[in-house]
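Below is a note on this structure for a colleague who has not seen it before. The points go from the chains to their parts and then to the interfaces.

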Amino acid sequence: MLSDYAPIAALLILTVGMSSLILFMSRIFGPYRPTARKLAPYESGMQPFGQAIRRIPVRFYRVAVLFILFDIEVIFFLPWAVIFRDLRVYGLVVMGVFFFVLTVGFVYEWKVGGLEWE
Amino acid sequence: MENFFDLVPLVVFVPLVGLLINLFTGKHLGERGVGIVAVGASGIAFLISLLLWLAQVDTGYKPVVVDLPLFSDWISIPAAGVEIPWQFRVDTLSVTMMMAVTFVGTVIHLYAVGYMHGDERFPRFFVYMNLFLVFMLILVTGNNFLMMFVGWEGVGLCSYLLIGFWFDKPGGVGWKNSDAARKAFIVNRVGDFGLVLGVLITFWTFGTLDFYKPDELPMAAHHAAEAAEEPVFAPEIPHEAEPHIEGPMGVFNQAEVWLEEGGHDVNFGMFSLSFESTITVITLLFLLGATGKSAQIPLFVWLPDAMAGPTPVSALIHAATMVTAGVYMMVRSNVFYHASDAASFVVALIGATTAIVAGFIAVGQWDIKRVLAYSTISQLGFMVAAVGVGAYAAAMFHLVTHAFFKALLFLGSGSVIHGMEHGHHHVAHGGHDHDDEFDPQDMRYMGGLRHKMPRTYWTYLFGTLALAGIIPFAGFWSKDEILLDALKAGVDDARLEGYLAFVLLVMAAAFTAFYMWRQMALVFYGKPRHAAAEHAEESSNLMVYPLIVLAFFSLVIGVINVPSGFPILGAIFGEHEFTSWLEHAVTYAHAASFNVLLASFAVVLALVAIYVARAIYNDRALETLGQQDPLELDERTEGLFAVAKAKLYWDDAYFKYLIFPYRRAAYWLAEQLDWRFWHDYVHKTVIQKNFHIATEFLTQPVDKGIIDRGFNSLGRLMQIIAQRIRVIQTGYVRTYAWTVLLGTLLVVFIILFPVIRGMLGL
Amino acid sequence: MFQVPSLSDLNVAAALPAVVLALGACVFLVVDLFVPRERKHITAWLTAGGLSVSLVLALLSLTDVVTFGDGEEAFFGMYIADQFTDMVNVIVLVTSLLGVMVAYNYLDRTNMQRGEYYYLLLFTTAGVMFMGAAGDLVVVFVALELLSIPLYILTGFRRPQEQSEESAMKYFLLGAFSSAFLVYGLALVYGATGTSNLREIWQAVDSMVAGDTSAQFLLLTGAGLSLVGLGFKVAAVPFHMWTPDVYQGAPTSVVAYMSVAAKVGGFAALLRVLVAGMPNFMLDNGTSAAWMDVTWLLAAATMIVGNFIAIVQSDLKRLLAYSSIAHAGYILIGVAAAGVPRVADEATQAVLIYLMAYAFTNVGAFSVIIAVERDDASNTGLSSMRGLARTQPLLAAAMAVFMLSLTGIPLTAGFVGKWFVFKAAIAADLIPVAVIGVLTSVLSAYYYLRIVWMMYFEDGDGEAATPRPLAWAIGISAIGTLVFGFLPYLLSDMAREITLAFGG
């Protein structure tokens, strides 16, 4: 059975080897003549200003998390939507419970002010 | 209805809960709260007894044994064959006792709430009273002798606690109270010694202490034979014909079987006795126990002194319930007593003698409660004598009626004492605090209270008439039955003790009527002889209502056992109801038919005695009473009165011939043997010095050097290891995660190790 | 054609205690939104109410007074409602109730009184209850997450304080890390047996041909990784490193609850997966399950490390953290013993008995720390125990009881737990581990009894405050510890019929 994995092992070795090779090739054979301009970090062609690492307001993160949560909820709705006619009451109740739990979370978010931008 | 039997553990448990509540929260509840809890607990116990009574009636009077889930294996040593479970017995006898104890108990609890008003340790009093109820109920509901003994000892303890309740009264009175308490306990101990021996021999003989095993019925064989002589009952009572003969039996059935078989011997190791003799020994030892607890000759001396306790205590414990424990025990063991003629003889003799001796002493007493105390001893003598002549039902009947009217009399005396104290306060208010000479219980200071305390007077009158045995009061019925049974035993069965008991008991009855009327005259009639009596007032309702209730019962309770052949009343109330009720539990209970001659003789005798008392203690004599009794003044009766007043010199004799020599011997032993020899010589010189030498040796080189050093080093090693290990905890998450990874690899490797080994063929 | 199941097939009633609790948590979440800030006690009372209802249901089920539902399996075999579940439910519900009681005043005086605390507690509890009843690998994982995530939040509840935030962060990161191992392990098990339902796994393992090495490989690795993932939760060495930091940094009322609940959940899941799922998974000529050796090695390491490092601790919370690790080791002995099939039932019962005893003891010990701790979270060092007996005799007495119980002195519940576990170990022939267990117990006496010594025989301030709910919680814990110690048959009767075997 383990022999079935042989192709994967071969792929692994090839990939790692190739990428390392390519990376190190330029290191070994490439010239190294650094200037200030060349070493500066890239920012889409314009002059970089400010610190590279800035504190990002946490509301972006919050929106992202909320999005993920409710998006996944929707994703779970999709299969149900396809065969919900066949599942009849059972499907309704089970998905209803699922929906209820997530709605509770939603209500919480709403009341606590998580949906406010500022 | 059968399920009600399962309630019987509650009858013990409810007062226990009540006392715990009062013990822990009594201080916060106030008098009313404590009273409600205590009286309530007692009342609930009574209600349960009532339910049990109804259940017994409903299920054909069959005895029931109830197991308590967690405690059924109370004492269980299977390897030694010892099996004494904690089981409750509900049969007609125990229900009778339960109802009597709880009813009178509840009434007295109620009375006590009024009597003890204002006492500092009010809650504690009711804790003790409820505790007493707990133990008394264990005593009467136990299904084996050991439980009975637990209750026996427990009520003795409560008696001690309650007699000495006012141990801190100033002026030497407190000491007297605690002395009385100790006396009660120690004298009882002597009796208990007999009881314990009896129980031990019983266990040795039978291998068990159970009265009857569960589902076992009392054997009817012997009884049926006797019942044939009394055709009045046989058809009414369905006797259980086939008792549980196979398998383990309770003590009483086993005794019956062996008695019938005959020729059974009991081996005591170095010698053996015939079974009959063993029974005699057991019953005599039980009698010794009864003389202690039920105050018979020779161990009655504690009861008069016990009057130092509060009056409700005297009423409940030393009149109605605890002192009847001895009688209960003997009635319960009726199978034994019936089998041993010799023991019955002794029992009857002691009972009758006690009755008359106590009655005699009562004539010469001045303290109102002491008269009642000796009266109690005398009446207990009646009961014990009844047991001795085989009249078990009569004894129980008298026990029940006596509980009512003696409790009534004691409570009434308490009311009188309260009234006297109140009057004394009134008088001494302006002047000094108290008159040291004044004793509220001394009848010489009373008189004329009939007008000052009318309700107390009337109820007390009822009680007196009941005690004296005047028809239709309760005492008449029960006392008459005992006399009848004694006479019958003498005449019909030609037993000497019957004759003797009859004669002595008749004389005692006469004395009873005499000293009770003397008391009535001294207390209630005539004019007040002291300022306190002048200003006496009727007591509070809380104290008077119980009196009325008890007075009512003293009048009517006799009808539960109307003798056969009694006109009218017999038809209305049924004949010998109580006896037939008892027969289901007491194998040898039997009843006598009414004898008009004897009954009239008894009543007339009592009336004559009352008339004589009235004549002696007429109004003129009462006025000039002072400190001398009319009997003292008369030369003919002077000597006898002195002897009676001195309690027949009984206590003095005990002191001189028993206590004093004992003390001398104890002192000598303590000084010579214990102190001089044992302590000074053996301990100090021999043991102590050598011990020091040994320990010195062991401490220095051995303990300090080797052991201490070893353990200290071990401890330090642990510390070092710990210090070394702790450094892996760096506090960095990356280290933690790295450790987890390392650990995972290790775990996977170890778990796969056998498989890898197998694969590699190692 | 696909057959639509009906709602009654779900047999929801069998899962009543857990369902009630979960529903209750959702409802309280919404209700709490409308409770004004000053009245957050309402949420606390509601939570206690919900827990009590659930506890009553669980007790009724445990004592067989009422049988909920229709048979033992609910949700198509994903939820198993047997005696094991009932006992787990009872243990964790009692712990939660005590947890709410100790938090009631603590949150007020540390300015943490927000309603979220209470229903997060409920969610964690629901998670533990589902873990105990898991009949499917997926449920194990989901329940584990349900159990863990609220705990992460609770750990960081004391928001402005750095220690709290730091410990929450560590817990979260390491927790996620270990969950990953767990998932991978469960996936491997699925791969080896082709199913994720524990009953079917058991059947598959039964019929797994000896010598089928590749399947064995997968299964073994899966079992090992599951041990890793769940071992993290119960603080087994070498996955224990988060424990001291988290226990020290988190608010003490959270630690009181978490130290027990997480363990209950972790061990319940471990027992379900290993003992219910693959009890007879023996290698070629073995008489005990293949995972037994690793388990007892872990147990030994845990006991040794936990007890040794505890000796040199000077902070009470950290000391109890290492003590917690050590106790996880003792319980792991029980899990290991369950690897021998004839001892499996006995060992499972022993683990549950130990957990029940541990619940009372540990919550009690932490409650005492709450009493001693000041509002700014200081005064949790060992020195705060000095002279406590003089100022607070009852509190000191309770702490003494708890310390004795943790050591395993007879007449306390801790001894009863250790007794049963060691008995199972010896029955399973794991003598060396049992010996190590006993020796390390002796070792632990040092740091436990040192606390008792300091309370009674040294001088100190002994400052402590015990508001009513806290006092009640300490009282209940102490009484529970003593009662179970004096009457061990209460515990063993509760656990008597518990078995994880699928039977048949």
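Two residues are in contact here if their C-beta atoms, placed from the backbone, lie within 7 Å. The model is a predicted one, in which local features need pLDDT of at least 70, side-chain atom pairs count only at pLDDT 80 or more, and totals for chains, interfaces and linings use all residues. Residues are numbered from 1 along each chain as its sequence is written, while chains are lettered from A and ligands numbered from 1 in the order in which they are written.

1. Chain C overall. Among contacts in chain C between residues at least 6 apart in sequence, 82% join residues at least 24 apart. Chain C holds 19 helices and two strands; helices (H or I, at least four residues) and strands (E, at least two) are DSSP runs, numbered from the N terminus. Of its 504 residues, 64% count as buried. A residue is buried if 20 or more other C-beta atoms lie within 10 Å of its own, exposed if 12 or fewer, and partly exposed in between, with C-beta atoms placed from the backbone.

2. Chain B overall. The 762 residues of chain B include 50% that are buried. Its secondary structure consists of 29 helices and six strands. For contacts in chain B with a separation of 6 or more, 80% are between residues 24 or more positions apart.

3. A residue in chain C. C:Ala310 is part of helix H11 of chain C. Is C:Ala310 buried or exposed? C:Ala310 counts as buried because there are 25 C-beta neighbours inside 10 Å. Leaving out residues up to four places away in sequence, C:Ala310 touches C:Leu319, C:Tyr322, C:Ser323, C:Ala326, C:Ser444 and C:Tyr447. The C-alpha atoms of C:Ala310 and C:Tyr446 are separated by 9.5 Å, although these residues are 136 residues apart along the chain.

4. Two helices of chain C. Helix H10 (residues 252–277) and helix H12 (residues 316–337) of chain C pack at an angle of about 15°, and their axes are 11 Å apart. Axes are lines fitted to C-alpha atoms, for helices over the stretch in contact, and angles run from 0 to 180 degrees between N-to-C directions. H10(C) and H12(C) are therefore roughly parallel to each other; angles under 35 degrees count as roughly parallel, over 145 as roughly antiparallel, 65 to 115 as roughly perpendicular and the rest as oblique. Their crossing is right-handed. A crossing is left-handed if the near helix is turned anticlockwise from the far one by less than a right angle, and right-handed if clockwise. The contact involves residues including C:Phe267 and C:Leu270 of H10(C) and C:Ala328 and C:Ile331 of H12(C). By class, this contact of H10(C) with H12(C) has eight nonpolar, three polar and two charged residues. Ala, Val, Leu, Ile, Met, Phe, Trp, Tyr, Cys and Pro count as nonpolar, Asp, Glu, Lys and Arg as charged, and the others, Gly among them, as polar.

5. Two helices of chain B. Helix H3 (residues 122–141) and helix H4 (residues 145–163) of chain B pack at about 160°, with axes 7 Å apart. That makes H3(B) roughly antiparallel to H4(B). H3(B) passes H4(B) in a left-handed crossing. Among the residues that meet are B:Phe132 and B:Phe135 in H3(B) and B:Trp152 and B:Val155 in H4(B). The contact of H3(B) with H4(B) divides into 15 nonpolar, two polar and no charged residues.

6. Strand S1 (residues 64–67) of chain B pairs with S4(B) in the antiparallel sense over four bridges; two strands pair if DSSP finds at least two bridges between them. B:Val66 stands opposite B:Phe88 in S4(B). On strand S4 (residues 87–90) of chain B, B:Gln87 and B:Arg89 on one side and B:Phe88 and B:Val90 on the other are all buried. B:Arg189, in helix H5 (residues 173–206) of chain B, counts as partly exposed because it has 14 C-beta neighbours inside 10 Å.

7. Interfaces. The contact between chains C and B takes 36 residues from chain C and 26 residues from chain B. On the chain C side, H8(C) gives the largest share, eleven residues. That side has 27 nonpolar, five polar and four charged residues. Elsewhere, 13 residues of chain A are in contact with nine residues of chain C. The chain A side of that contact has ten nonpolar, no polar and three charged residues.
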